[in-house]
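Hi everyone, and thanks for coming. I'd like to walk you through a structure that may be new to you, so please have a look at it first.

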Amino acid sequence: TGWQDLYTKNIVRELVAKSDLQGVRFEPVYGKSGQQKQNIFQVTSSNILPKDAIQFGHGERTIVCEDCGYTQYFLSGHDQLHIIPSKIPIKSDLYVTDFIFGEGLAHPLFIVSQAFYTFVKDNHLSFGLIFEPIVEVNL
């Protein structure tokens, strides 16, 4: 899992294109002048993990906005995200959650498959990424 912004170089984009990974997109990055940055891309996914595919109640702290009533969740360092695979409608190697995690400014989390994790590790691409295991819940 990880926060919202993830960037990479073109070489990684080319490696992913040659792989069997599904659901990984690369968007161009633009500088202040409006010009596309060369050799840098933002890693994204259009696969939003449905909120009902996340099982809450395993130690995360809940924060409810007093103004709008929107609920945010805060995971501390020892909490694990619990995912219900049967509630995920499509097969993908990269998902993002909705903007529901964090305190104050909410962020999505990246959820990656074991295949994505293995691809990153085998190709020595982890460059400061931190991977935390999730718990699969079978209902």
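**Starting from one asparagine**

Let's begin with Asn 10, which is buried, because its relative accessible area is 18% and the cut-off for buried is under 20%. Do keep in mind as we go that this is a predicted model.

Where does Asn 10 sit? It belongs to helix α1, which covers residues 10-18. Its side chain makes a polar contact of 2.9 Å with the side chain of Glu 14. Leaving aside residues up to four places away in sequence, Asn 10 touches Asn 39 and Phe 41.

**The whole chain**

Let's step back for a moment. The chain has two helices and 10 strands, and along the sequence they follow the pattern β-α-β-β-β-β-β-β-β-β-α-β. Of the 139 residues in the chain, 35% are buried. If you take the contacts between residues at least 6 apart in sequence, 61% of them join residues at least 24 apart.

Now back to the helix. Which residues of α1 are buried? They are Asn 10, Val 12 and Val 16. Looking down the axis of α1, you would find these buried residues within an arc of 155°, so they line one face of the helix. As a reminder, an α-helix has 3.6 residues a turn, so residues three or four places apart point the same way. The face of α1 turned away from the buried side carries the exposed residues Ile 11, Ala 17 and Lys 18.

What covers the buried residues of α1? The cover includes β1, β2, β3 and α2. Helix α1 lies across β1, β2 and β3, and runs at about 50° to β3.

Those three strands form an open sheet in the order β1-β3-β2, with antiparallel pairing. At the edges are β1 (7-8) and β2 (25-30), each of which pairs on one side only. Two bridges join β1 to β3, and Thr 8 has Phe 41 in β3 as its bridge partner.

**Two cores**

Let's turn to the nonpolar residues. The largest nonpolar core has 15 residues, and the members that touch the most others are Val 16, Leu 21, Val 24, Phe 26, Val 43 and Phe 119. Helix α1, β3 (36-44), β8 (94-96) and α2 (114-122) each supply at least two residues of this core. The most comes from α2, which gives three residues.

Not counting residues up to four places away in sequence, Val 24 touches Val 16, Val 43, Thr 44, Leu 94 and Phe 116. There is also a second, separate core of 10 residues, with Leu 81, Tyr 95, Ile 100 and Leu 109 among them.

**One hairpin to finish**

My last stop is β5 (residues 61-64) and β6 (residues 71-74). How many bridges join these strands? There are four, and the two strands run antiparallel. Ile 63 stands opposite Gln 72 in β6. Together β5 and β6 form a hairpin with six residues between them, and in the turn Gly 69 has a positive phi of about 80°.

So that's the tour, and I'm happy to take your questions.

Conventions
Residues are numbered from 1 along each chain as its sequence is written. This is a predicted model: local features need pLDDT of at least 70, side-chain atom pairs count only at pLDDT 80 or more; totals for chains, interfaces and linings use all residues. Side-chain values use heavy atoms; hydrogens and water are left out. Buried means under 20% relative accessible area, exposed over 50%, partly exposed in between (1.4 Å probe, protein chains only). A polar contact is a pair of N or O atoms within 3.5 Å; within protein, one must be able to donate a hydrogen and the other to accept it, and residues adjacent in sequence count only if both atoms are side-chain atoms. Contact means heavy atoms within 4.5 Å. A nonpolar core is a set of buried Ala, Val, Leu, Ile, Met, Phe, Trp, Tyr and Cys residues joined through side-chain atoms within 4.5 Å. Two strands pair if DSSP finds at least two bridges between them. Axes are lines fitted to C-alpha atoms, for helices over the stretch in contact, and angles run from 0 to 180 degrees between N-to-C directions. The arc is that of the directions from the helix axis to the C-beta atoms.
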